[in-house]
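Work through the exercises below with the sequence and the model open beside you. Try each task before you read its solution.

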Amino acid sequence: MSEYDARGKINRALLIGVHDYATLSGLPAVEDNPAELSRALTATDLFTADEVTLCRPAEPWELSQALKAAADEARGLLLVYFSGHGWVGSDGGDLRLMVGASVPRQSHTTVSWHDVVLSCLDSARAERIVIVLECCYAGNAGGAFHSHRKPMSLLMAAQPNRRIFSGEEPAGGTVFTRALVQILQNGIPGRRFVTFEDLVRELRVRLAGERTPMDDVWEPRSAKQNTVDDVVLSFATPEARLPIPPRVRLRRRFNQHVRPRLKLLLALVTALVLIAAGLVVRQLVLPPADCPPALELRLLTAPEAEPTLRQAAFDYEMSEANTRPLQGEGDLPAGCRRAQITVYSAAKDQIDQGFAAAVRWQGEARGTGGGAQDGKGTDPLYRPGPQPDLWIPESTADYEEARRGMPATGSPATLHNTGPVAYSPLVVGIPAGKRLDDVETVGASWQDLLTGTDSGHQDLKLLRPSPVLSGTGLLHTIGLYLANDGSHIGSSGAPDPALAEGAEQRLSAPGSQYADSTELLCSLRPATGADTAATGRAPAGAGRGDRSAPLVSEKSLADYNLGRAIGSCPALNGPLAPGDRYVAYYPRNVPALDHPLIRVDWRGTTDATARQAAVDHFADWLRAPDGGRPVLTAQGYRPVPGKDGTDPAPAPGSPLRSSRANADLDAPVIPFTAGTDQVARVLDGYDKAQKPSRLLLLMDTSTSMADGGKLPVALGAASRALEMVGDRHTYGLWTFPDRAHPGDPDAVRRAVPLGTVDPAPGKAALDKIAKGDLVDHGAAMEEALTAAVREMKKSSGSNQAIVLIMDEDDGRLRRAAGVEQRLTALLKEKPAVPVLTLVLDKAGCDTFALQGLAGASRGQCVPGGPQAPDLLAGLIASIGTAGKEDR
């Protein structure tokens, strides 16, 4: 990883420490923090004394003013440090930084992390921004942090929803800052300098023996956004110091001595010219006109493509293409951005629902939506989000499916397909140690691949993202059904029902599908230290990659092999070991993901012409060889053909060119040629190949679910589960503990009877829970689950599952002997009843009980977080699949 060296540039460090509070307990140790950190920062070659500002704000405006000044002045590195009290509401939402006059629950006396701090930093001109938060609930800053566009690195003193001991230690600073200062001041053995990542790792080591007030391990967290390099924070080292490069000395001398003199000389010359030239020269020295607000464009895409498109949007905003004056825009000053692009994502089915309910989507955005959900409970403004100006799905098949779901007349949204912006062929990942005999990696038919992976040959489980939730899964299904023998897919024709059912029989189920291919691959990655450090758990299913064959895209498989961040798995220090990688097999005549750019026009938009022009301008830039094409190919995509029709090869820096990616650039890019009706027939064939299924939602409704923002995640996941209940599937909703039987740990409340088809009773029950229908005594998970499993085992059907949504098991201390053993034995009896668990406890899935539960039931465990509802939905999507159970 490259390092960013800011020495000699115009850097700023704003060190904020609040130790004296009017209404909150004082933090005497915090008083020394800013001065100690300032001494460490100026001890090496990075910051000079005049570049460091100490701030002890009593009022919110003092912190905001100091932050704006630092953001305005910094051009190289901007470092912002805060030490003091932090506070979040009961929902775990926006983190509030507390200044001297702050009063909890009086938001106007506090400083909002999202609305004030991040908003200010997002407009800074610094090349890199590093933020250090030492306060209670510092870990809650990670969510909002990822919604911004500047290259930032964030160090949080603790995990989400955790308080910390910080403020009452002996003099000389707090525990966290003392460790921070020692690392920056003394360096790290074996390192020539201290980078941001070095600092995070060393802090975790030094604080491993400390405990939080909740008696958890004190584990600092970190996050990075829009930057792939590492920022150097100190040039201290226990070894012999390297000399300062001449360029750094010259640049610093220029900034400290020459630049001020030049400014003074310029002022004198300007004054003389003003006197000599009068009003004419006066016009020349006036400050340039302020930039008008940029036109905001909203770009909706799939979760897999969001990181790449977020980077592309940022590069476009800063590019000359978006800042130079254009003919007809003479009133826009040079250097001003014409457009800014907000990138967000949603699962395929949610986007389809949004366009199908476009009238409500637009009405909600204008405040005329009526406030009530439609008959299906659709709320487009909540999911997928604000109405988009452009949409980049994974493939043209997604676009055709969305169009098919829109009303023939009366929709306020019109979709215009402007063509692909990047390609990624579809592949089947085969474990490197189990290459298929007599099967070519490029151009083999699906029949050959199915034979090569069956139980008589390599005996691999075929795993696919859900066709309902994922564009990759949909296009793979089209390939399986329509190009089974390797023939070209025409624009007409229907899949053979027997072929569709046979293909589905080869896919492992239940619980084998995921909401996208990145999470599918994350579930297969071998456990690493990076995974455990970043998420507190090993990837679900880690260690089963050598028995699986994932149906994914070329880009995502290359990212997996190279150890890049994928799904909820963080980036590794390097590529996976050769034996842990997959080899890409390219099925013949299966269309590639083509990522079409869809312009979305909304009826009644007052600035429609300007928006259309802005979208078209961005589309042209994305495809341009000197514009967005290098940005996309650098992330592992194939480029679109040039104006001469030739297919350009990926640039030399493309990860696809690495031999460790196990990709084959000779594999052709197959265009999408299927017709709209064929996409519908494939989905219809997929639906008919499924079997009726039963789903039992078992939900913890103890009062502890309302703490730390857990209840909204639980309700969101349960609502998402109800969306996955199809026409031929039934469900039930049970809650525990049962208020009517407080002394009976086996009692559950059957809020919605098992066998229900209509989702309305389930939604009504969840609404009651959301309004506070919680039970104020402990939830005994194993007893409630035993009752649920026993009920589900009464049916002989194999397509059924339990979705367990829980906080923590409160029954451990008063549990009767043998309950765990009886539950394990019951789970192993036929028929199989997988348990899909969403756990919101601080320990996540990394407990012996939950790992044992997943193993005994052949289920999965999903940790709480923003992605949890969609992760759970992907697993639920495979409950009714026709495939065999996991082997």
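A residue is called buried when its relative accessible area is under 20%, exposed when it is over 50%, and partly exposed in between, with a 1.4 Å probe and protein chains only. The model is predicted, so local features need pLDDT of at least 70 and side-chain atom pairs count only at pLDDT 80 or more, while totals for chains, interfaces and linings use all residues. Residues are numbered from 1 along each chain as its sequence is written, and side-chain values use heavy atoms, with hydrogens and water left out.

**Exercise 1.** Decide whether S38 is buried or exposed, and find its contacts.

Solution. Begin with the location: S38 belongs to helix α1, residues 33-41, where helices (H or I, at least four residues) and strands (E, at least two) are DSSP runs numbered from the N terminus. Next, take its relative accessibility of 15%, at which S38 counts as buried. Finally, set aside the neighbours within four places in sequence, and S38 is found in contact (heavy atoms within 4.5 Å) with L15, V52 and L54.

**Exercise 2.** Describe the surroundings of Q458.

Solution. The residue Q458 sits in the loop between α14 (446-452) and β19 (461-463). When its neighbours within four places in sequence are left aside, Q458 touches K434, R435, L436, G452 and T453. For one of these, R435, the separation along the chain is 23 residues, whereas the C-alpha atoms of Q458 and R435 are 8.2 Å apart.

**Exercise 3.** Work out the handedness of the disulfide of C845 and C861, and place its two ends.

Solution. The S to S distance between C845 and C861 is 2.2 Å. The torsion about their S-S bond is about -85 degrees, and therefore this disulfide is left-handed. C845 lies in the loop between β27 (835-839) and α27 (848-857), and C861 in strand β28 (residues 860-863), so the pair ties together parts that are 16 residues apart in sequence. As for accessibility, C845 is buried at 9%, and C861 is buried at 11%.

**Exercise 4.** Explain why the second largest cavity lies between two domains, and describe its lining.

Solution. On a 1 Å grid over the protein atoms alone, a cavity is a set of points where a 1.4 Å probe fits but cannot get out, and lining residues have an atom within 4 Å of a point. Of its 17 lining residues, A302, A346, K348, E394 and G471 are the closest to its centre. Because domain 3 (295-420 + 596-636) and domain 4 (425-592 + 662-684) both give residues to the lining, this cavity lies between them; the domain bounds come from an automatic or database domain assignment.

Methods:
On a 1 Å grid over the protein atoms alone, a cavity is a set of points where a 1.4 Å probe fits but cannot get out, and a pocket is an open set with protein on both sides within 12 Å along at least five of seven lines; lining residues have an atom within 4 Å of a point. Ala, Val, Leu, Ile, Met, Phe, Trp, Tyr, Cys and Pro count as nonpolar, Asp, Glu, Lys and Arg as charged, and the others, Gly among them, as polar. A disulfide is a pair of cysteine sulfur atoms within 2.5 Å.
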